[in-house]
Structure formats: C-alpha cells, structure tokens
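Trainee: I have a model open on my screen and would like to walk through it with you. Where shall we begin?

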Amino acid sequence: MKHKVGIVEFLQSRKGAYTCILIIVIIFGYLGGTMGASNMLNTMLKTAHDLLLNTCFYLMAVCVLTGAFCKVLIEFGVANIMERLLRPLMKPFFGLPGVASLGAVMTFLSDNPAIITLSRDKKFSQYFKKYQLVSLTNFGTAFGMGMIVIMFMISLGFYTEPIVGLVGALIGSIVSTRLMQFFILKSNPELREPVIIDNSEEHHVEMDTERKSAFIRTLDAVLDGGKTGVETGLAIIPGVLVISTLVMLLTFSAGPNGYTGEAYQGTEALPWLADKIDFVFKWLFGFTDGHLVAFPITALGAVGAALGLLPNFLKEGWLDANSIAVFTAIGMCWSGFLSTHTAMLDSLGYRRLITKAILAHTIGGLAAGICAHWLYVLIHFLFNL
C-alpha cells in the first residue's frame, strides 16, 4: 500500500513535466508531421533570423527614438502638464485619484512596469485606497507601450486609424479598471481602507548639483531616453523571436512549391480555426481574413511580438484600415499583460488577486477592440474616410 501511494505521489510531483512534454509532442509533432521535420527546423531558424534583422532591430530603432522624445518631454515638465490636463477625468471614469493620471502618461511613454515604480513611491501611493492602488496594475497596463504602438502603426502608413484605436484602448482601460475594482471589493471589502504611510521614515533628499543649461539637459535626456529605448528593444527580442516564430508557423501557408524550409512558411492552423467561427471575428472586430486573429493572440504575451507580425501581414495584403484601428486598441490595452500582470501584482504583495486581474483585463482588451471597430465603422460612415 505504501509502495502504491509512493508511485501516485511520484507521478503527481512530476505532473507539470509530463504536461510540458505532452504539449511539446503535440505542437511539434503536428508541425513536423505537416511540414516535415527538416523543413520545420529550417523554417523556424530562418524565420527567427529574418525577424531579428528586419523586425527586432527596426522595433529597437522605434524604441530608441520614442524613448529619447519621451525623456525630453519628462525632463522639461511636459508630462506634468499632460497629467494636470487628464486629472479631472480620473475620478468619474476610472474611480482613481487625480494623481493616477501620471501613471497613464508614464506607461504610455514607456511600458507597463512604470506603474509599479510609481505605486511603490510613498508620496504617490498616499493618495489611494488599497483597492485603488491594486487596480493600478490594470489601469497602467492598458496604456503600456502606447507611444511605440502608435508610432509603429504610423510608420506603416496609417495615420487616422491609430487615433481611433487609442480611443478604443481608453474605453478598454475603463472597463478593465472598473471591473478589477468591482472584483476586489466583492472578495476583499477590507481593501476599502486607505493606504497607510509610515511618516517616520526619512525621505531621500535630492541633491541639486550644478545648474545645467537647457542644451545639456536636452542632450542628457536624449541620451538617457535612447539608452532606455535600447533596453526596451533588447527586452522585446525574445518575445518577437519565440512567440512570433511559433505563431507564424501556425499562421502562414506553404510556398508555391510546397514546404521547402524557407522563412515564413506554416500550416495555417490558426486561420483554419478562425474560419470556423469567422462570423464572430467579423462582427466583433471586422476582420476580413482569418490570419488577422494571430495579432490579438500574440499581444496577450508580448505586444512587441505582435507588432512584429504586421510587416508580413501588410506584404501579404491582409491588413486594412479597420484592422489597424483594432490592433492599436488591443495592442495598447493588452500590451503583453499575461507576461507582466503576475510580476506586477506580486511586487505589490497581492498575488492572490492575479486571477481577477487577468479576467478583468481580458474583458477590457476585448472591449477595446470591439469599440475601436465600431467607432471606425461609424467614422467611416459619417465622413467616408
């Protein structure tokens, strides 16, 4: 009997390993069986190599220029002016104090983790109740990498559609933040209490050294912002190479000569699945091609990887103006939240609320895409853009 129980415990302790092996066998067994093992490996390597050279480095250039520009805005107080303009909208729409608008500005100009840096600042968090502070995870994520997403869409030749997507992302952020607050208060009503700050702790005093000229401040801001852009560009490379390569293997088709091991060949599994319920995606998002569903799926894990799909989508002729609006909204609102929510809530000490945060943000991202689509339809109808 003891021996039998020992076997059961042995199997249960390795359940994760067996599940991992099973998933790997299913995915790569399907890809290798369809494409051929040699072709599959060659396509994976060549696709990743091309993505690195022609997509990752391009995205890094966008991040560097955007980071430098944003740092200048912050250095000369433009971000503070934006925060003051947005402050009156915070309480009625998001249920947050006015200072939270600074979090939206910072994550829009940089990335999701910027909201955690702010939320752990005592001078910032003293304005919040506990449930409001936790909901900043959803609020800040909805604007993550917003500037980069919009600039990338503009670089593809679309100008009006990213603005429509920005409005959709704003609506999605409201849905996500309000839902998160509802879920928190329903399960943890004690979090209505305000955040308590220990005033006995000494605050660090910033030392004002020599007074710098405007030129030196601008130069420092540009260089520091550019350095941050390089770090961001390096950080998105693994997501682009790993996630985008796998998604492309499941999205694209074989070449005219069949599977030859060239880059950007695939099995079209995702479009096949999307075509089975294409009426849902057409009505909700206005997608005209099943391949487009790959973007929101990829954006769940990494928006940089999702952006990496678009040049090839454009080359294949799958992109249209409506999809750009929807992609901007979903890309901004989700912005890889599955890969950041856990770490963000864990750093705040509320790991138990991760499931609620993910559910609320999933709904918020869907709302963002739906609103962007129907807003685009309305604008196109009224102004024939």
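Mentor: Let's begin with a definition: buried means under 20% relative accessible area, exposed over 50%, and partly exposed in between, using a 1.4 Å probe and protein chains only. Please keep in mind that this is a predicted model, where local features need pLDDT of at least 70, side-chain atom pairs count only at pLDDT 80 or more, and totals for chains, interfaces and linings use all residues. Residues are numbered from 1 along each chain as its sequence is written, and side-chain values use heavy atoms, with hydrogens and water left out.

Trainee: Thanks! Is K46 buried, exposed or partly exposed?

Mentor: The relative accessibility of K46 is 38%. That value lies between the limits of 20% and 50%, so K46 counts as partly exposed.

Trainee: How many salt bridges does the model have?

Mentor: Side chains of opposite charge can pair when their charged atoms come close. Here a salt bridge is a side-chain nitrogen of Lys or Arg within 4 Å of a carboxyl oxygen of Asp or Glu. By this rule the count is two.

Trainee: Which residue forms a salt bridge with K46?

Mentor: Helices here are DSSP runs of H or I, at least four residues long, and strands are runs of E, at least two, numbered from the N terminus. K46 lies in helix α3 (residues 37-75) and its partner in the loop between α11 (214-249) and α12 (269-276), so the pair ties together parts that are 216 residues apart in sequence. With the closest N and O atoms 3.7 Å apart, the residue is E262.

Trainee: And which residue meets E193 in a salt bridge?

Mentor: The N to O distance for this pair is 3.8 Å. E193 sits in the loop between α10 (160-187) and α11, and its partner in helix α8 (residues 130-141), 63 residues away.

Trainee: Moving to pockets, which helix gives the largest share of the lining of the second largest pocket?

Mentor: On a 1 Å grid over the protein atoms alone, a pocket is an open set of points where a 1.4 Å probe fits, with protein on both sides within 12 Å along at least five of seven lines; lining residues have an atom within 4 Å of a point. This pocket has a volume of about 350 Å³, meaning the space filled by probe spheres set on points joined across faces, edges and corners. Of its 15 lining residues, the closest to the centre are L86, L89, A104, F143 and L170. The largest share, six residues, comes from α4.

Trainee: How many residues of that lining are nonpolar?

Mentor: Ala, Val, Leu, Ile, Met, Phe, Trp, Tyr, Cys and Pro count as nonpolar, Asp, Glu, Lys and Arg as charged, and the others, Gly among them, as polar. The lining has no polar and no charged residues, and its nonpolar count is 15.

Trainee: Last one: what is the phi of M145?

Mentor: Most residues other than glycine have a negative phi. M145, in the loop between α8 and α9 (146-155), is buried with a relative accessible area of 4%. Although M145 is not a glycine, its phi is positive, at about 60°.
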